[in-house]
Amino acid sequence: MQEVVEKLRAVLAEKAGEIDRNNDMGDVLDLIKSSGILGLMVPEEFGGMGKGYYEACVVGEELGKVSGGVAHSVVVHNMAVDALRFFGSEEQKSEFFPKLVRGIGTIAITEGKGGSDVANAVSMKAEKQGDSYILNGSKTLITNGMYADVFVVVARTGEGAKGLTAFVVERGDGITATKIDLAGMRGSGLASVRFENVEVPESNVLVGEGKGMRVALGTLAPNRIPFSAMGLGIAERCLNLAVERAKKRKAFGGTLADLQAVQFMLADVAVEIEALRRVIYSMAEKMEDPGYEGAVAKILAARVAKKAADVAVEIHGGFGLLSSSEVEMAYRDAKVLDIAEGATEVMKLLVARKIFF
């Protein structure tokens, strides 16, 4: 696995700027599909590596050091894998896991009304007709929406939280994707996806009708930890760029690195990165309460990555604000950590429930 990740990171180091400018992975997508990394968390009996969250964190961190968009794409793919790992039948696993080893997956929940309030925000309809369901509606802000071969879609089959159902849907007729031009984590295939009279067999329902909320929350919660590892990688990228710049930039008869104020700024960032690393990997190794732990990790990751990016821009001065410079890219990537896979405010609510109730 390590060899695969190092190869991907080396290629991304050269391609990250191009991916950011074009908001598209280009030929890197083919490399990811052929590398085997998509099978990281797919059980070995279905052709994958059979790894867990610790290894998923390593991948998220290493890819996050060079491209937030590509890292996010892989993290979200693993969410689709987890939906099947946790909630799929043996028949569903046999059918779809091999496709997720070779192709891209995603989980499609968010709609125009919002994403965090899943129970009330989802309006996409799934109507039962014989042995199938007919899906109509739109999802938006879907990472991998442009690339996905397999979608895990949450749609409405009834009222309230118990009226949501999760389906495994293969890309085909009736599914159209429109790219979204997001400021950060570009190249992740973010899209609005329209489903028009898409027929899905009843055998593609995960767990059973009305269990979509369970699938959504059960998949998102543990994967917030690998998502946070991606933030760790972004923070490390920023620290490294800031240190390199401080050593080279001349000021006041020396370099920025000679100034104690600058040393202290970067020391603070280094301390927070080290703390974040230990939190993430200890949680990934022994996950006891995914909802709480994922929220804690995500809050910390967003906070540390944003601080690291802010400091890196300051150290670079005006050059740090140049469009598509490495630190400007990282600054944009870091902000997405506050919003994607559950807003920071919602994560704080989850933590508050734990400590008060």
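Start your tour by selecting helix α7, residues 212-248: at 1.5 Å a residue its 37 residues should span 54 Å, and its end C-alpha atoms are 54 Å apart, so the two values agree. The expected span here is 1.5 Å times one less than the number of residues. Helices (H or I, at least four residues) and strands (E, at least two) are DSSP runs, numbered from the N terminus.

Before moving on, note that this is a predicted model, in which local features need pLDDT of at least 70, side-chain atom pairs count only at pLDDT 80 or more, and totals for chains, interfaces and linings use all residues. Residues are numbered from 1 along each chain as its sequence is written, and side-chain values use heavy atoms, with hydrogens and water left out.

**Still on α7**

Zoom in on R224, where α7 has a kink of about 35 degrees, shortly before the proline P226. Such a bend is the angle between axes fitted to the seven residues ending at a residue and the seven starting there. Now color α7 by burial: 27 of its 37 residues are buried (buried means under 20% relative accessible area, exposed over 50%, partly exposed in between, with a 1.4 Å probe and protein chains only).

**Next stop: α5**

Select residues 90-102, helix α5. At F96 this helix bends by about 30 degrees, and the proline P98 follows within four residues. F96 is also among the buried residues of α5, together with Q92, K93, F97, L100 and V101. What covers them? Show α2, α4 (68-87), β1, β4 (150-156) and β5 (164-170), which are included in the cover.

**A pair of helices: α3 and α8**

Two packed helices are described by the angle between their axes and the distance between the axes. Select α3 (residues 53-64) and α8 (residues 260-285): they pack at about 145 degrees, with axes 7 Å apart. The axes are lines fitted to C-alpha atoms, for helices over the stretch in contact, and angles run from 0 to 180 degrees between N-to-C directions. Show the side chains of Y53, Y54, C57, V58 and E61 in α3, which meet R277, I280, Y281, A284 and E285 in α8. By class, this contact has seven nonpolar, no polar and three charged residues.

**Buried or exposed?**

Is S34 buried or exposed? Find S34 in helix α2 (residues 28-35); its relative accessibility is 60%, so S34 counts as exposed. A polar atom of the S34 side chain lies 3.1 Å from the backbone oxygen of L31.

Then go to E111, in the loop between β1 (105-108) and α6 (118-121). At 5% relative accessibility, E111 counts as buried. Leaving aside neighbours within four places in sequence, E111 is in contact (heavy atoms within 4.5 Å) with A121, V122, S123, M124, S138, K139 and T140. For M124, look at the backbone nitrogen, which lies 3.1 Å from a polar atom of the E111 side chain.

**Last stop: positive phi**

Most residues other than glycine have a negative phi. Select M185, in the loop between β6 (175-179) and β7 (191-201): M185 is not a glycine, yet its phi is positive, about 50 degrees. M185 is buried, with a relative accessible area of 3%. V207, in the loop between β7 and α7, is another residue other than glycine with a positive phi, near 70 degrees. V207 is partly exposed, with a relative accessible area of 38%. Finish at G317, which follows α9 and has a positive phi near 65 degrees.

How values were computed: Nonpolar A, V, L, I, M, F, W, Y, C, P; charged D, E, K, R; others polar. Polar contact = N/O pair within 3.5 Å; in protein donor to acceptor, adjacent residues only side chain to side chain.
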